[in-house]
Each structure stands twice: as C-alpha cells, then as structure tokens.
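Subject: Structure for you to look at

Hello,

Here is the structure I promised to pass on. Please open it next to this note.

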Amino acid sequence: MADERSTLRDRFRVRPGSRVDLSRIDPADSHGYTKAGSADDLARGLDRLRSLQERIWAEHRHKVLVILQGIDAAGKGGTIEHVMGAMNPAGCPVTSFKVPSQLELDHDYLWRVHARTPAKGEIAVFDRSHYEDVLIVRVHDLVPEAVWSRRYAQINDFERLLAEEGTTIVKFFLYIDREAQRERFQARLDEPDKRWKFRLGDLEERKRWDDYIEAFEEALSRCSTEHAPWYVIPANRKWFRNLAVADILADTLDDLDPRYPEPTEDLTGVVIE
Ligand code: AMP
Ligand code: MG
C-alpha cells in the first residue's frame, strides 16, 4: 500500500479554482486500503505526527492551524480523539466553536477565531471554525445573503494574512453520506453513553442536508487556495478517515522540516555533579 499512501494528500486536495461536486465523491471509498491491512500504516502515521509535533514545539518557529469541518456526526470529535490525540496536548490547543455568545456576535465573525489561531510552536486544532459563518449562517439566513456572500473573499484574505505571517493552514472536510449520519444518530439514541451527543435540533439540521451540501460545495470551491488548501476526506469509514487525516497532516508537517534547536548556551564540558 505504500504507493497508495503517498498520494492521499494529492488525491484529496481541492485544486484552487476547481468546482467541487460532492455527488462525484464516494464517502465510503477507502481507496484500496483495508481496515486490517492498514493498521500499521495508521500506527506509522500517528508516530510521525508525535515526532514531528515534538520538534515543532521544541523549535518554536512554525505555527500550524488544522481546521475540521463536517456535517453533524461526520467525526470531528473522533478525529481529534484518535488522530490529534497522538500529539502532546501541551502544544496542541483545541478550540470548539459553538453558537456565538452575545459578546462574540457584537464583534465581526473573525474576532473570536483570530484569538485562537496558533502561536509559534503550536498546532492549533479547530473543531468547526469561521466556515460556520458561511455554512449554518447561510443555511439558516442568520445574516442577509449580501453579508455572507462577501465572506468567502474575506476568509481567503484572512487565511492569506495568517499564511504570510508564518502559519501553515490545513483544512479537512470530513465527508459522510446521509445513511452514515442516520446510523450514527441512531447509535447516539440507542447507546446510553452516547446520548449526551444528541439533540433534537440535530434532526432539524438533517432535514436541510441538501442546503448544507450546497453550502459546503461553495466553501470548498471558493476557499481552497495554495496557502490554505481544503482536503475532502471520505469519512464513512472511521478507520480510513483517521488514516487519511493522519497521513496528510504528517506530510504537511514534514514539509516544514522541523528541527530540535541548538542550545543557545555553550554546553561543552558541562558536567552534572
Ligand atoms: P457541536 O459542535 O455539536 O457542539 O455544536 C455546535 C453548534 O454551534 C453547531 O450547531 C454549530 O453549527 C453552531 N455554530 C458554530 N459556529 C456558529 C456560528 N458562527 N453561527 C451560528 N452557529 C454556530
Ligand atoms: Mg452536535
């Protein structure tokens, strides 16, 4: 599988300027991998992440922003647990963006987001993000179209600012189909330990499936750039989703070539008594 694995980043990246048609992507496709056969690949990907993140933290130079988006139950939380969990939490702040507070609403929509972007040495993980401001906000007409339609260009500008100031941005859209969401919602209802994740409001959102798909297609098409690419991850199979995210993120970090810093003091001849 080594040759397959080396191309996942290429295969799932949305080419800048291309139009994304999600109906042409199969969210159940595992691209030649099998669950049993790829367990070692996943373990290797997680090991790479652990080691790369330690060097990024030690070097205190690069800033990395990982954005996770997906429809409800797409697996954002599971990806954080199983993939980001391989890295040292000291250097990986996670922010989950919820319904904005009054204070947040009283500012522009990027205000709360900019405050959570990574500092040097950090790999910041966003569970939802400013993309909600062209997703749920668009689907529910929370602001007029004249307002949200300007946001795609604003988001590209914002992300370019971050990139030019040294932030590496990688955005994952976890793509599941309606049937996978049905199964996962059903499991949340059936299993007492999962029930806390379910809200009746989730069913209202589910009714707007097509509107969400359209909103996602637009965001993926208009906001995948050289400096902040989107990746569409087939996410019906959780093990493949984890494998793909781990591998693409590790390849991205690898390109930064992070290194342990040289000591800033002369340590030659120092003996610990
Ligand atoms: P969860 O991720 O299940 O905890 O749910 C968080 C909820 O907050 C989701 O329904 C999001 O769509 C919603 N949310 C996040 N950001 C925004 C935003 N900018 N405007 C409105 N709703 C949002
Ligand atoms: Mg939810």
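This is a predicted model: local features need pLDDT of at least 70, side-chain atom pairs count only at pLDDT 80 or more; totals for chains, interfaces and linings use all residues.

**Overall fold**

The chain carries 13 helices and 5 strands. Its C-alpha atoms fill a box of roughly 70 × 50 × 40 Å along the principal axes. The radius of gyration is 20 Å; a compact globule of 273 residues would come near 19 Å, so the chain agrees with that expectation.

**Packing and surface**

Of the 273 residues, 49% count as buried, taking under 20% relative accessible area as the cut-off. The accessible surface comes to about 14,200 Å². Carbon and sulfur atoms hold 49% of that surface. Now the contacts. Among those between residues at least 6 apart in sequence, 83% join residues at least 24 apart.

**The second largest pocket**

How much space lies in the second largest pocket? About 310 Å³. It is lined by 16 residues. Closest to the pocket centre are Arg11, Arg13, Val20, Ile25 and Val232. Which elements give two or more residues to this lining? They are helix H2 (8-12) and strand S5 (230-234). By class, the lining residues divide into 8 charged, 6 nonpolar and 2 polar.

Best wishes

Terms used. Residues are numbered from 1 along each chain as its sequence is written. Chains are lettered from A and ligands numbered from 1 in the order in which they are written. Side-chain values use heavy atoms; hydrogens and water are left out. On a 1 Å grid over the protein atoms alone, a cavity is a set of points where a 1.4 Å probe fits but cannot get out, and a pocket is an open set with protein on both sides within 12 Å along at least five of seven lines; lining residues have an atom within 4 Å of a point. Grid points are joined across faces, edges and corners, and a volume is the space filled by probe spheres set on the points. Helices (H or I, at least four residues) and strands (E, at least two) are DSSP runs, numbered from the N terminus. Ala, Val, Leu, Ile, Met, Phe, Trp, Tyr, Cys and Pro count as nonpolar, Asp, Glu, Lys and Arg as charged, and the others, Gly among them, as polar. The radius of gyration is taken over C-alpha atoms; the globule rule is 2.2 Å times the number of residues to the power 0.38. Buried means under 20% relative accessible area, exposed over 50%, partly exposed in between (1.4 Å probe, protein chains only). Contact means heavy atoms within 4.5 Å. Accessible areas come from the Shrake-Rupley method with a 1.4 Å probe; for residues, only the protein chains shown count as cover.
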